[in-house]
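Take a look at the model below.

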Amino acid sequence: MNPDATARYTKPLAAIIPKMMNDLMAYVQTILTFLGIGFIGLVFYSQLTSPYNWIVAALIGVTGIYVSIRVFKMIVRRGYISTTSGSRSSYELDNLKPTPGSGFFETDPEELKTKF
């Protein structure tokens, strides 16, 4: 076998580890998504009467599989860090001032600490 041909397919370990971690976290997030939706299906299964509990549980199970696959594909495509980080959030909404008559009031940290 030509040694140049095999060298073309080997990657350095520094390039493999982030991909492996991204895939691992995609699998973990997918399993957690499916377990969360599956728990909702289990609650519906236990609360509904006989023919409906199987139907609703099956529909929720299929929905859980679909959402889990979509989550996995999104994490693999975008990366775990960019999926879970707040890069698309609007931080300027954190400093909104309440309008008069809205029923909300502004407190400072000391006042909040004394109230709770």
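A residue counts as buried under 20% relative accessible area, as exposed over 50%, and as partly exposed in between. Tyr-45 has a relative accessible area of 32%, so Tyr-45 is partly exposed. Keep in mind that this is a predicted model.

Tyr-45 has a ring partner, Trp-54. Their ring centres lie 5.2 Å apart. Trp-54 has a relative accessible area of 58%, so Trp-54 is exposed.

How many aromatic pairs does the structure hold? It holds two. The other joins Tyr-27 and Phe-72. Here the centre-to-centre distance is 5.0 Å, and the planes are 35° apart. That pair is tilted. Where do its members lie? Tyr-27 is in helix 2, and Phe-72 is in helix 3, which spans residues 50-78. The pair therefore ties together parts that are 45 residues apart in sequence. Phe-72 has 24% relative accessibility, so Phe-72 counts as partly exposed.

Now the surface. A nonpolar patch there covers about 940 Å². Its members are Leu-13, Ile-16, Ile-17, Met-20, Met-21, Leu-24, Val-28, Ile-31, Leu-32 and Leu-35. Take Leu-13, one of these residues. Leu-13 lies in helix 2, which runs over residues 13-47. Is Leu-13 buried or exposed? Its relative accessible area is 59%, so Leu-13 is exposed.

Note on methods
Residues numbered from 1 in each chain as written. Predicted model: local features only at pLDDT ≥ 70, side-chain atom pairs only at ≥ 80, totals over all residues. Heavy atoms only, no water. Patch = residues over 30% accessible without salt bridge, like charges linked within 9 Å, V, L, I, M, F, W, Y side chains within 5 Å. Areas by Shrake-Rupley, 256 points an atom, 1.4 Å probe, with all protein chains shown as cover. Salt bridge = Lys/Arg side-chain N within 4 Å of Asp/Glu carboxyl O. Helix = DSSP H or I, 4+ residues; strand = E, 2+ residues; numbered from the N terminus. Buried < 20%, exposed > 50% of the residue type's maximum accessible area, 1.4 Å probe, protein only. Phe/Tyr/Trp six-rings, centres within 6.5 Å; stacked < 30°, edge-to-face > 60°.
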